Amino acid sequence: MFFSQKSKGYFLDFGEHTVLGARTSSAEAPFVVEALRECPTGDPAALAAMLAQLQPKKNPTGYLHATVGLYPAKRVVRRHSVEPKRLREPGYFSEICTQQFRIEQDAYSLFMVSAADGSDLESAKTPTKEVVVCGMANEDATAAQTSLLQAGIYPDRIELGSVATLGAVVDCLAQARSKASVLVLEIEAEAMHSFIVTAGGVEASRPIPQGLNAMIPIVQKELGLKDEESARRLFFSNTFDFTGMGPQLVKKLLKELQSSIGFYEVQTGQSVSEVLTTQLSPKLQWIETAIASALGIQTLKFDQAAWLESRQITVREDAGANLADPRWIGLFALMANYNNSDALVAEEKK
């Protein structure tokens, strides 16, 4: 049948190093996650093979209709305090972009949501002061859409993976009635996106122009390698345990993080107690451990299975993923329906 594809849901999360994909029993929860797959980013053949595994029988249109999460390099996910009375004032938002974020509004597709619950400010009855400005460069949006179509993917919905992930972490903390302030990190090759979240929403954000590549020269020097390319290959391989060198390798990143954390703690009186990194491959998880140890905090144990169950999402045992791996949070976050809260309401009434 032509409409048979609609009985299934498809979700794709395009990280810097890995593309994660899922097929679900229906397009909207409650549903069962039937299959989970991954492939390297930037490998068209591997992506095509993964899509074929997720959808063995192609849609008659020739495209896989999917919800897509993206992490463009120039993405904007910034918490900011606005003046609600000025929100409708011409030029106010452009002023924020230019003076606070150092970007030109016209070059970006941007949106403002509540920092507490992610709700649309346009429909809010009571203007909120604390917002998250999120979006991406127009050129990145155009390139992404072109790339997706060339790969045979028709995006029914595109989300910033960072925003979806933060929503999932906040929701998880709220359900647990946690009082913790959690440092959420997206560490990429050239940059790191740092956020502090609580059960009450996104409390702080900061892009840091240093990432994994800043560690390569240190690896070369410490191990006496002949060039940076050799150091790079070793760093991203699974053949050397960098745990012992961890404190040295994350030292530069720590200075930036300590600055952000210190400002937050002075402003709020709350201490950051846990950290979660969401984009690192399993072989680089030692970085999270090194950061946590250096900061004197714990790693957040995000119980993905329990959180998914609360959102009426069940993962089949043979789906094909390790739910202890935090990389999958972004993909699962694309599936969550926060309007479907019957189970949570019932729990609150107990």
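This report walks through a predicted model of one protein chain, from its overall build down to a few single residues.

## Ground rules

Residues are numbered from 1 along each chain as its sequence is written, and side-chain values use heavy atoms, with hydrogens and water left out. Because the model is predicted, local features need pLDDT of at least 70 and side-chain atom pairs count only at pLDDT 80 or more, while totals for chains, interfaces and linings use all residues.

## The whole chain

Let's start with the big picture. The chain holds twelve helices and 14 strands; these are DSSP runs (helices: H or I, at least four residues; strands: E, at least two), numbered from the N terminus. Its C-alpha atoms fill a box of roughly 60 × 55 × 50 Å along the principal axes.

Of the 350 residues, 48% count as buried. Here buried means under 20% relative accessible area, exposed means over 50%, and partly exposed lies in between (1.4 Å probe, protein chains only). Of the contacts in the chain with a separation of 6 or more, 64% are between residues 24 or more positions apart; a contact means heavy atoms within 4.5 Å.

Arg79 sits in strand 5, which covers residues 76-81.

Arg79 and Ser205 are 126 residues apart in sequence, yet their C-alpha atoms are 5.7 Å apart in space. Leaving aside neighbours within four places in sequence, the contacts of Arg79 include Ala115, Glu130, Val202 and Ser205.

Ala29 and Pro30 are joined by a cis peptide bond, with omega about 10°. Pro30 belongs to the loop between strand 2 (18-24) and strand 3 (31-40).

Arg177 is not a glycine, but its phi is positive, near 50°. This residue is in the loop between helix 4 (161-175) and strand 9 (181-187), and Arg177 is exposed because its relative accessible area is 52%. Gln312, also not a glycine, has a positive phi of about 60°. Gln312 lies in the loop between helix 10 (304-310) and strand 14 (313-315), and with a relative accessible area of 28%, Gln312 is partly exposed.
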